[in-house]
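Biologist: Before we discuss individual residues, please show the sequence and the structure.

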Amino acid sequence: MANAKDEVLALERKFWDEGANPEFYEQSMTDDAITVFEPMGFIGKAQAVEMSKKAEGWTDVKMHDPQVIELTPDVVALAYHGEGKRAKSRADATEKHPCA
């Protein structure tokens, strides 16, 4: 599981790094994927792709207290507290979000 945890965290980090890249979201999320990003709540694949088209991206991303739980051999749950700075218009403001 340690290697799987590292892979899951690396992929999750790419979602932050590629936050303004709808092609990455389209290719990297399964059709039935759901993410929870406060304060927005539940976000499915189609919504995530659309949101990434308008996104600015992130810098200085940190993931605190990550918890990766293997639910089945093919499914993991990931939860953490994330923070980052918007890449462009609000580059000086750090945002903090609980994520799952």
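Biologist: Does D65 count as buried or exposed?

Modeller: Buried means a relative accessible area under 20%, exposed means over 50%, and partly exposed lies in between, with a 1.4 Å probe and protein chains only. The relative accessibility of D65 is 58%, so this residue counts as exposed.

Biologist: Which pLDDT is required before side-chain atom pairs count?

Modeller: Residues are numbered from 1 along each chain as its sequence is written, and side-chain values use heavy atoms, with hydrogens and water left out. This is a predicted model, in which totals for chains, interfaces and linings use all residues, local features need pLDDT of at least 70, and side-chain atom pairs count only at pLDDT 80 or more.

Biologist: In which element does D65 lie, and what is its phi?

Modeller: Helices (H or I, at least four residues) and strands (E, at least two) are DSSP runs numbered from the N terminus, and D65 lies in strand β3. Most residues other than glycine have a negative phi. For D65, phi is positive, near 50°.

Biologist: Why does D60 count as partly exposed?

Modeller: D60 is also found in strand β3, and its phi is positive, near 50°. It counts as partly exposed because its relative accessibility is 46%.

Biologist: In what order do the elements of the protein run?

Modeller: The protein contains 3 helices and 5 strands. Read from the N terminus on, the order is α-α-β-β-α-β-β-β.

Biologist: Which residue of β4 is the bridge partner of T59?

Modeller: Two strands pair if DSSP finds at least two bridges between them. Strand β3 (residues 58–72) and β4 pair in the antiparallel sense over 10 bridges, and the hairpin that joins them passes through 2 residues. T59 is found in β3, and its bridge partner in β4 is K85.

Biologist: How far apart in space are T59 and A87, C-alpha to C-alpha?

Modeller: T59 is partly exposed, with a relative accessibility of 32%. Apart from neighbours within four places in sequence, T59 is in contact (heavy atoms within 4.5 Å) with G84, K85, R86 and A87. T59 and A87 are 28 residues apart in sequence, and their C-alpha distance in space is 5.6 Å.

Biologist: Which residue of β2 stands opposite F37?

Modeller: β1 and strand β2 (residues 41–44) pair in the antiparallel sense over 4 bridges, and a hairpin of 3 residues joins them. V36 has F42 as its bridge partner in β2. F37 stands opposite G41.

Biologist: What is the omega of the cis peptide bond between E38 and P39?

Modeller: Most peptide bonds are trans. P39 lies in the loop between β1 and β2. The bond that joins E38 and P39 is cis, with omega of about 15°.

Biologist: With the side chain of which residue does the side chain of K45 make a polar contact?

Modeller: K45 is found in helix α3 (residues 45–54) and counts as buried because its relative accessible area is 10%. Its contacts beyond four places in sequence are Y25, E26, M29, T30, D31 and A33. A polar contact is a pair of N or O atoms within 3.5 Å; within protein, one must be able to donate a hydrogen and the other to accept it, and residues adjacent in sequence count only if both atoms are side-chain atoms. At 3.0 Å, the side chain of K45 makes such a contact with that of D31.

Biologist: What is the volume of the largest pocket?

Modeller: On a 1 Å grid over the protein atoms alone, a cavity is a set of points where a 1.4 Å probe fits but cannot get out, whereas a pocket is an open set with protein on both sides within 12 Å along at least five of seven lines; lining residues have an atom within 4 Å of a point. Grid points are joined across faces, edges and corners, and a volume is the space filled by probe spheres set on the points. For the largest pocket, the volume is about 1,000 Å³.

Biologist: Which element supplies the largest share of that lining?

Modeller: Of the 32 lining residues, E12, F15, M29, I34 and T35 are the closest to the centre of the largest pocket. At least two lining residues come from each of α1 (2–17), α2 (22–28), β1 (34–37), α3 and β4 (75–86). The largest share, 6 residues, comes from β4.
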